[in-house]
Each structure stands twice: as structure tokens, then as C-alpha cells.
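Subject: Structure handover and notes

Hello,

Here is the structure we talked about. Please open it and keep it beside you while you read the notes that follow.

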Amino acid sequence: MKSGEKDQKKDQSTLNILWIVILPSVFFAVLISRFTAFQIKNQYWILYLGEALIVAGIFFRWIIIKSLGKFFTVDVAIKEDHQIKKEGFYKYVRHPSYSFALLTFLGLGLFLNNWLSLFVAFVPTFLGFLYRIKVEEQALLQKFGNEYLEYQKKTKKLIPYIF
């Protein structure tokens with residue numbers, strides 16, 4: 001799923017940054033949940049809610065990746081025949097794959113049932129994705145110009161109608 005030889009690579013190390021952010025965030029979120037007691041709620045439903053968000057996030061991210069087909073790459077790249085996807089989830093948000101990835105990290109924080117773990121799992125990852133979105137959108141604006149500007153005006157980045 002890496003970009004091909006002919007693709008215009010625009011990644012600016014975002015893939016490396018995401019790995020550097022996500023792996024320690026998950027590790028420390030789990031570690032913190034084991035050694036601190038900043039419980040979100042003393043009830044089992046919080047664990048089930050977290051579990052449901054993890055599963056939903058992974059499932060819908062997988063669907064989005066499959067729907068992108070050859071246009072999905074793990075690094076930021078523009079293909080020769082690249083097109084802006086505007087249907088399905090993309091009708092409402094420009095980066096649904098990242099939305100559902102973030103839903104997974106939110107679910108992890110809830111599953112760990114610890115406020116500090118929730119913060120550590122979600123916030124650094126969110127900031128890493130925001131940087132990647134900035135790089136991605138610069139590449140798309142460079143490739144598509146006004147067409148992408150119009151698409152930006154009609155959609156939100158990550159949360160439909162909100163953000």
C-alpha cells in the first residue's frame with residue numbers, strides 16, 4: 001500500500017511521525033491505566049462502549065480503505081490518474097479514514113477506563129493526524145486547485161457538520 005514509482009510523493013515524513021506518536025501513545029496509555037486510578041466511570045458499560053468504538057473504528061476504516069482502492073497509500077502521494085473521492089463518507093468529511101482511526105483511539109481510552117489514558121491515547125494521535133491532514137490537503141490543493149477548494153467548502157475535515 002505504499003506509493004508507486006510514478007506517484008508524486010508528498011509525505012513530508014508524516015508516516016514516520018504517526019508511528020512515532022501512535023506506538024508510544026498506546027503503550028503509555030495502557031501503562032498509565034495499570035498504575036493510576038483516574039477512573040472515568042465505575043461501571044462496566046464504559047468498557048463495552050470503548051470496545052464497541054474500537055471495533056466500529058477498525059471496521060469502518062477498513063471499508064473506507066477498500067473503497068479508495070488503488071488511491072489508498074500509507075504515505076501521502078498523488079497518483080497520475082488521481083481523483084477526489086466525493087461519495088459515501090467523503091460526502092460529509094474529507095478524511096473519514098482518519099475519523100475512524102481516531103474513533104478507535106477514543107475507544108481505547110474509554111476501554112482503559114482512565115482519564116489520563118484517554119488523553120494520552122487520543123490527543124497526541126489527534127495532533128499527528130492533524131499534521132498529516134495539513135500535508136495531504138496541501139498536496140490535493142496543488143494537484144486539483146479550485147476543485148479541491150470547492151470540496152473543502154462543502155465538507156468538514158473529520159466530524160460531519162462540526163469539524
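A residue is called buried under 20% relative accessible area, exposed over 50%, and partly exposed in between, using a 1.4 Å probe and protein chains only. Phe59, at 42% relative accessibility, therefore counts as partly exposed.

Before the rest, some notes on the source. This is a predicted model, in which local features need pLDDT of at least 70 and side-chain atom pairs count only at pLDDT 80 or more, while totals for chains, interfaces and linings use all residues. Residues are numbered from 1 along each chain as its sequence is written, and side-chain values use heavy atoms, with hydrogens and water left out.

Overall picture

The chain has five helices and two strands. Both kinds of element are DSSP runs numbered from the N terminus: helices are H or I with at least four residues, strands are E with at least two. In sequence order the pattern reads β-α-α-β-α-α-α. The C-alpha trace spans about 50 × 30 × 25 Å along its principal axes. Of the 163 residues, 43% count as buried. A contact means heavy atoms within 4.5 Å. Among contacts with a separation of 6 or more, 83% are between residues 24 or more positions apart.

Helix H3 covers residues 96-112. Its 17 residues, at 1.5 Å a residue, should span 24 Å, and the end C-alpha atoms are 24 Å apart, which agrees. The expected span is 1.5 Å times one less than the number of residues. H3 is mostly covered, with 14 of its 17 residues buried.

How do H3 and H4 pack? Their axes are 8 Å apart, at an angle of about 170 degrees. Axes here are lines fitted to C-alpha atoms, for helices over the stretch in contact, and angles run from 0 to 180 degrees between N-to-C directions. Under 35 degrees counts as roughly parallel, over 145 as roughly antiparallel, 65 to 115 as roughly perpendicular, and the rest as oblique. H3 and H4 are therefore roughly antiparallel to each other. On the H3 side the contact includes Tyr98, Ala101, Leu102 and Phe105, and on the H4 side it includes Ser117, Leu118, Ala121 and Phe122. By class, the residues of this contact are 14 nonpolar, three polar and two charged. Nonpolar covers Ala, Val, Leu, Ile, Met, Phe, Trp, Tyr, Cys and Pro; charged covers Asp, Glu, Lys and Arg; the others, Gly among them, are polar.

Helices H4 and H5

H4 (residues 115-144) also meets H5 (residues 146-154): their axes come within 6 Å and cross at roughly 130 degrees. H4 and H5 are therefore oblique to each other. H4 contributes Glu137, Leu140, Leu141 and Phe144, while H5 contributes Asn146, Glu147, Tyr148, Leu149 and Gln152. This contact has five nonpolar, two polar and two charged residues.

Aromatic rings

Rings of Phe, Tyr and Trp (its six-membered ring) pair if their centres lie within 6.5 Å; planes under 30 degrees apart count as stacked, over 60 as edge-to-face, and the rest as tilted. The whole structure has 11 aromatic pairs. One of them joins Phe59 and Phe60, edge-to-face, at 5.3 Å centre to centre and 75 degrees between the planes.

Loops and positive phi

Most residues other than glycine have a negative phi. Gln12 has a positive phi near 50 degrees, and Ser13 has one of about 65 degrees. Gln12 lies in the loop between strand E1 (8-9) and H1, and Ser13 is in the loop between E1 and H1. Gln12 counts as partly exposed at 48% relative accessibility, and Ser13 is partly exposed at 41%.

Phe38 sits in the loop between H1 and helix H2 (45-68). Which residues does Phe38 touch, not counting those up to four places away in sequence? They are Asn113, Asn114, Trp115 and Leu116. Phe38 and Asn114 are 76 residues apart in sequence, yet 5.0 Å apart in space, C-alpha to C-alpha.

Regards
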